[in-house]
Amino acid sequence: MLPGSPKATAQAVADAAKADAAKADIPKANADAPPASRIVRVSPANTRVIDHVRLTTEELLDPGFALFDASTLKLAAPRRLLDEIERPVLYTELVNTSDQYVALAPKAQITVFDGSRQLDLRQSWSLPTHLHPGERVPVALTGRVDRYSEVKTHWLPAKRAALPGPRPQLAVSVENTEAAIGTGTLNFSYRYRYKYVTVHGRIRNDSEVEVENVRLWVSLYDAQDQLSGATFKEVRLPRLAPGDSAPFQVDVKQYGGNFARVGVVYDAASP
């Protein structure tokens, strides 16, 4: 077929028409395709729902992320004692029995029953934000309780941290104790007496950062190693630089037998 001939011209026109039609179909095909995305859509989706705990994006996306094993938290059987004006107090202890993980901000819903009746009790103080393996923290439940038959504990989800954990390292030591008797007046007429122990100690900062806002849980144990009194106190200290120390003093009322030893658990945060 010679160039310029009618057949050659017709063939060129036909080829150009096919090329234009192919170009016209390209946008239509792209319009039907989904836009480019890094999101991988899975159906059905395996949704992870963790209530009562705030997680970071990194933790949510980490397939190996695990919460603290609540089965390693143990609550001792409560001991019922009477305070200085004959009001009942239930003392118990929370123990972290894990040998490798720190419980971060553990929270418990403790329910006490007398038969089928739930007692209206409240915890006198909060739990530490860092509970290390082996630490025993006192828990005081106050309210009207003449007797109880069962204690149920529901642990809320909590994060974990491997040892040594994020808590600043402090050396908390008890230097001496003083047992004494105090008096008080109720309704301007009823006078009462109570036993208490003044605990003198020292806090030394063994970490590499400054420390403030030290919180202490102090427990008194009798000769049978049972709780006979406990208290919680936020110790007002100046900022402790690494290596510095400061004294502290805590008064603990004693409702059980005479104390034989003192236990202290601390919590702290760097500024």
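Let's start with a pair of strands: β12 and β13 (residues 190-205) run antiparallel to each other and are joined by 16 bridges. One thing to keep in mind as you look around is that this is a predicted model. From here we'll go through the sheet, a well-covered strand, the nonpolar cores, the rings and one glycine.

**The three-stranded sheet**

- The pair β12 and β13 belongs to an open sheet of 3 strands, in the order β12-β13-β16, with antiparallel pairing.
- Which strands sit at the edges? They are β12 (170-186) and β16 (245-254), and each of them pairs on one side only.
- On average, neighbouring strands in this sheet are turned by 20° against each other, if you ignore direction.
- What holds paired strands together in general? Strands of a sheet pair through backbone hydrogen bonds, and the pairing can be parallel or antiparallel.

**Strand β9 and its partners**

- Is strand β9 (residues 136-142) largely enclosed or largely open? It is largely enclosed by the rest of the structure, because 5 of its 7 residues are buried.
- Strand β3 (residues 88-96) runs antiparallel to β9, and 7 bridges join the two.
- One of the spots to check is E93, which has P138 in β9 as its bridge partner.
- β9 also pairs with strand β7 (residues 122-123), again in the antiparallel sense, over 2 bridges.
- Here you can look for R122, whose bridge partner in β9 is T142.

**The nonpolar cores**

- The largest nonpolar core has 27 residues, and the ones that touch the most other members are L73, Y91 and L94.
- Which elements give two or more residues to this core? They are β3, β5 (108-114), β9, β14 (212-221) and β15 (227-235).

**Rings and charges**

- A search of the whole structure turns up 4 aromatic pairs.
- One of them is Y194 with Y196, a tilted pair with 5.9 Å from centre to centre and 45° between the planes.
- Ring pairs also link Y190, Y192, Y194 and Y196 into a cluster.
- Some rings have a charged neighbour: R160 lies over the face of Y101, at 4.0 Å from the ring centre.
- Likewise, R261 places its charged end over the ring of Y221, 4.0 Å from the centre of that ring.

**A glycine in a loop**

- Where is G256? You'll find it in the loop between β16 and β17 (261-269).
- G256 has a relative accessibility of 14%, so it counts as buried, since the cut-off is under 20%.
- G256 and K195 are 61 residues apart in sequence, yet their C-alpha atoms are 9.3 Å apart in space.
- Leaving aside neighbours within four places in sequence, G256 is in contact with L81, K195 and S228.

Methods. Residues numbered from 1 in each chain as written. Predicted model: local features only at pLDDT ≥ 70, side-chain atom pairs only at ≥ 80, totals over all residues. Heavy atoms only, no water. Buried < 20%, exposed > 50% of the residue type's maximum accessible area, 1.4 Å probe, protein only. Helix = DSSP H or I, 4+ residues; strand = E, 2+ residues; numbered from the N terminus. Pairing = 2+ DSSP bridges. Core = buried A, V, L, I, M, F, W, Y, C linked by side-chain atoms within 4.5 Å. Axes fitted to C-alpha atoms, helices over the stretch in contact; angles between N-to-C directions. Phe/Tyr/Trp six-rings, centres within 6.5 Å; stacked < 30°, edge-to-face > 60°. Lys NZ or Arg CZ within 6 Å of the ring centre and 35° of its normal. Contact = heavy atoms within 4.5 Å.
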